[in-house]
Amino acid sequence: MRAFAHSAFFILSTGHVAQAFAPSATFSRRANPLSMVVDDKTEVREYFNTEGFSRWNKIYSESDEVNTVQLDIRNGHDQTIQKIINWIDDDGDIKGKTVCDCGCGVGSLAIPLAQMGAEISASDISDSMSNEAGRRAKELGITNAKFYTSDLESVEGKYDTVTCVDVAIHYPTEKMGEMIEHLCSLADDRVIFSFAPKTWYYVGLKKIGELFPGPSKTTRAYLHEEQFVRACLEKAGFEIAREEMTGTNFYFSRLLEAKRA
């Protein structure tokens, strides 16, 4: 993913790719929330270990084998990553600091942070994604980054900075509070977190996307109320220090940096 990570916030879909993976399954009204969460996690893991890996590995690379929508998503994701790097570069103190990147995908953020001198622990729910991130890091001669396979809830430890970028789109609303609380419990200093904001405009785009079923629609997409996300961070003892919004034609991502109060 960014595999439980690939919350790249893709709201509108085409026959080639879904901008965030619109809902592909219909559940009984009697289905309980826990079973739905398990299904979400299983779908994401299986998707990014198979056809999803091939598709997103091309998007998160310099491959020319992408269509117009995929290229737009790549550009949007790259903008989000660059904004984070700019923040950290402006601070000028990342060297030697520990960073936990949850949902690292192919290492789009973890690798440049390692190159800046951070000690990286990066995980992804997909074996294929975490292995590819490790391969890319090794190819670049990076030795200060560890990549491994894990779902977000199982990540343990304490780190100066915790990042979770383009992942929340796979989390149902009822699980977001727990997810943010867990991320904050790992961070000594700050959490850098992105999500697809739930606004009337993006909800409308998502609904339009659901009208066009296609082979790429294999996981559900969840938008989240920004006020709720901010409240969860505050409840965990964090204050918003910086924020950005990235919006292209097919990629929408609110980025927050929250520091421990």
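F195 is buried, with a relative accessible area of 0% in this predicted model. F193 also counts as buried, at 1% relative accessibility. The two rings form a pair. Their centres lie 6.0 Å apart and their planes meet at 25 degrees, so the pair is stacked. The cut-off for that label is an angle under 30 degrees.

A search of the whole structure returns 3 aromatic pairs. W56 and Y60 make up one of them, with 5.7 Å from centre to centre and 45 degrees between the planes. This arrangement is tilted. The angle falls between the limits of 30 degrees for stacked and 60 degrees for edge-to-face. Both W56 and Y60 are buried.

Y60 also takes part in the lining of the largest pocket. About 280 Å³ of space lies in this pocket. Its lining comprises 15 residues. Nearest the centre are Y60, G107, S108, P112 and R136. Two elements, α3 and α4 (110–115), each give two or more residues to the lining. Helix α3 gives the most, with 4 residues.

Helix α3 covers residues 68–91. The expected span is 1.5 Å times one less than the number of residues. Both ends of the helix have local features. At the start of α3, a side-chain oxygen of N67 comes to within 3.0 Å of the backbone nitrogen of V69. Just after α3, G92 adopts a positive phi of about 65 degrees.

A positive phi also occurs at D166, where the angle is about 60 degrees. D166 is not a glycine. The residue sits in the loop between β4 (159–164) and α6 (173–186). D166 is buried, and its relative accessible area is 0%. Burial here requires a value under 20%, so D166 falls within the buried class.

Cysteines were examined next. The whole structure contains 0 disulfides. For C164, the nearest cysteine sulfur belongs to C102 and is 5.8 Å away. A disulfide requires the two sulfur atoms to be within 2.5 Å, so C164 is in no disulfide. C164 is buried, with a relative accessible area of 0%. C184 is likewise in no disulfide. Its nearest cysteine sulfur, that of C232, lies 8.6 Å away. C184 is buried as well, with a relative accessible area of 2%.

How many residues separate T246 from D78 in sequence, and what is the C-alpha to C-alpha distance in space? The two are 168 residues apart along the chain, and their C-alpha atoms are 9.9 Å apart.

Notes
Residues are numbered from 1 along each chain as its sequence is written. This is a predicted model: local features need pLDDT of at least 70, side-chain atom pairs count only at pLDDT 80 or more; totals for chains, interfaces and linings use all residues. Side-chain values use heavy atoms; hydrogens and water are left out. Buried means under 20% relative accessible area, exposed over 50%, partly exposed in between (1.4 Å probe, protein chains only). Rings of Phe, Tyr and Trp (its six-membered ring) pair if their centres lie within 6.5 Å; planes under 30 degrees apart count as stacked, over 60 as edge-to-face and the rest as tilted. A polar contact is a pair of N or O atoms within 3.5 Å; within protein, one must be able to donate a hydrogen and the other to accept it, and residues adjacent in sequence count only if both atoms are side-chain atoms. On a 1 Å grid over the protein atoms alone, a cavity is a set of points where a 1.4 Å probe fits but cannot get out, and a pocket is an open set with protein on both sides within 12 Å along at least five of seven lines; lining residues have an atom within 4 Å of a point. Grid points are joined across faces, edges and corners, and a volume is the space filled by probe spheres set on the points.
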